[in-house]
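Please look at the whole picture before turning to the text.

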Amino acid sequence: MMNFKTWLKSITFYEILVGMRATMKHLLHYKPITLQYPHEKRTLPDSYRGMLALLRYDDGTEKCVGCDLCEAACPSRVIRVVSSEVPGEPTKRFAKEYYMDMTRCLFCGLCVQACPVDALGMTREFEWSVYDKRQLHLNKQQLLAIGDRSYPVREKRLELQHPNVAFFNVAYKTLPQKAS
Amino acid sequence: MTEIGLRAVISLAQIAAVMGVVMLTVMILTLAERKVLGWMQDRMGPMEVGPYGILQPIADGLKLFFKEDIVPAGANKFLFSLAPILALVPALIGFAVIPFGPNDTIEVFGLQIKPFIVSDINIGILYILAFTSIGAYGIILGGWASNSKYSLLGGLRSAAQIISYELNVGLAIVGVILLSGSLSLVKITEAQSGWFWNWFVIALPFPQIFAFVVYVISSVAETNRLPFDLPEAESELVAGFFTEYSGMRFAFFFIAEYANMILVSCIAAILFLGGWNAPAPFLQFNGSLANLAWLSGIFWFTVKVYFFLFLFFWIRATLPRLRYDQLMRFGWKVMLPIALANILITSIAAYLFPR
């Protein structure tokens, strides 16, 4: 009996007809999941790891202190920092030059995590296709400009900040802690 | 002399009209295939060129026309150039015997011509079988002349596949020929006039439903369409026999494939679904409108052909590709016995119940 059933199914192409019914169902209840990309874009999450940027404080001074930790953390040697003293203030340092070779970046975000002063941020920009590879070799001014246009509000959201940085914020104590 | 000249002019005009319709259908098909496949897979298909992407075929044609024409190093130049033509010409030449509408004759300048068929020869179906077999040469030679392993493998597969399935096509048709008693496509269609139960697919004394299934499956295989697209299997052979082709030569192969699709759909519609005949006599123009009967004839023929073309897309959206041994086993061990048994039973039925 069972054999007869399978035989009947195979000569009537039953399985194929089931498949064809499924495709027809999709045709009749046509609901595309595609977005017409250049015309319509999806909203990206806040934690999206896009183009890297250098950030400033609210008063417009650079956050970066030229500590080289990002350079040390970077697995693909994207970052090159030339650190130097702030003229006239021997105790303070800053990044005199700061280069990122974005052709090699793999957007892991380790540099952002490594930064002790939150001077680096990952923006939600991703449309960085260029005709010339050299245009992806960014200097400090360009990275600051990306940060300026992507972070109109300078501070990261408090719960996303590193605890060492967020600790000094007055709101930090009222923030619900993550169960760990 | 003037009569021959006039006939030549009229024939050329008919050929031009048929070619125009076929090319237009190819253009529609390239778009329709991508759209239907997209809809079935929850995508949109081409959307950029023109409203809802309806101008995409024109953009594709322009792109192919202006592309660089590359002949790979080590290729046999003569055969490499000949192969696309050898693939395209047999695909288009088959339309010469396809009746697109009723078998009316009209008088033009004192000459009797049939407007809806280029040439009503009495061995129409044989002629089409003969010429579609030549199309395989284009594919095999194109695969061989490219001097590429992918092309050669595609060509070889195509040779084996077309030989295996050509046989089934031929045998599936025999049942219809036995019932209609003619090889002419016009006579075969006329034998199915009246109600839809006169169509050979369900006509008594012996319905050709098995032959119909065999024919449809074999014709999918013969045109190298999914799930039988082993000659051009994208995931294994890059693009099979036209891996090395670009520009207009590629376009020739492409048009040939779609023209072949239209051709086998036309034959399926004529042989099994009654060609230009309406499903019921009252569904075509009758009585006072009998002069317009050709309009409904063409309409029903188009509907049937497009049904088959849609079936091609539908199957493509549903099924994955067969393995090579599955393809051969299916062709020789399943389809061939069914086709042979169909001939046997049909000939007995045709002998016992002569029409």
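## Where the two chains meet

In this predicted model, the interface of chain B and chain A holds 6 residue pairs in polar contact, counting pairs in which both residues are at pLDDT 80 or more. On the side of chain B that touches chain A, the elements α1 (2–40), α7 (209–222) and α10 (293–318) of chain B each supply at least two residues, and α10(B) gives the largest share, with 6 residues. Sorted by class, that side of chain B has 14 nonpolar, 1 polar and 3 charged residues.

The contact takes 18 residues from chain B and 15 residues from chain A. The size of an interface is often given as the accessible area lost when the parts come together. Between chain B and chain A the buried area is about 1500 Å², and carbon and sulfur atoms give 69% of this area. How many salt bridges does the rule find across the interface of chain B and chain A? The number is 0, although over all chains the count by this rule comes to 13 salt bridges.

## The sheet of chain A

Chain A has an open sheet of 3 strands in the order β2-β3-β5, and the pairing is antiparallel. Because β2 (79–86) and β5 (137–138) of chain A stand at the edges, each with a single partner strand, one side of each is left without a neighbour in the sheet.

The strands β2(A) and β3(A) pair in the antiparallel sense over 8 bridges, and in this pairing Val82(A) stands opposite Glu97(A) in β3(A). The hairpin of β2(A) and β3(A) has 2 residues between the strands, and in it Gly88(A) takes a positive phi near 85°. On the other pairing, β3 (residues 89–101) of chain A and β5(A) are joined in the antiparallel sense over 2 bridges, with Met100(A) opposite Leu138(A) in β5(A).

## A helix across the sheet, and a salt bridge

Helix α5 (residues 140–150) of chain A lies across β3 and β5 of chain A, and its direction is at about 90° to that of β3(A). Which residues meet in a salt bridge with a distance of 3.1 Å from N to O? They are Glu62(A) and Lys140(A), which meet through their side chains. This pair links distant parts of the chain, since Glu62(A) is in the loop between β1 (52–54) and α3 (69–73) of chain A, whereas Lys140(A) is in helix α5 of chain A, 78 residues apart.

Definitions and conventions:
Residues numbered from 1 in each chain as written. Chains lettered and ligands numbered in written order. Predicted model: local features only at pLDDT ≥ 70, side-chain atom pairs only at ≥ 80, totals over all residues. Heavy atoms only, no water. Contact = heavy atoms within 4.5 Å. Buried area = accessible area lost by both parts, 1.4 Å probe. Salt bridge = Lys/Arg side-chain N within 4 Å of Asp/Glu carboxyl O. Polar contact = N/O pair within 3.5 Å; in protein donor to acceptor, adjacent residues only side chain to side chain. Helix = DSSP H or I, 4+ residues; strand = E, 2+ residues; numbered from the N terminus. Nonpolar A, V, L, I, M, F, W, Y, C, P; charged D, E, K, R; others polar. Pairing = 2+ DSSP bridges. Axes fitted to C-alpha atoms, helices over the stretch in contact; angles between N-to-C directions.
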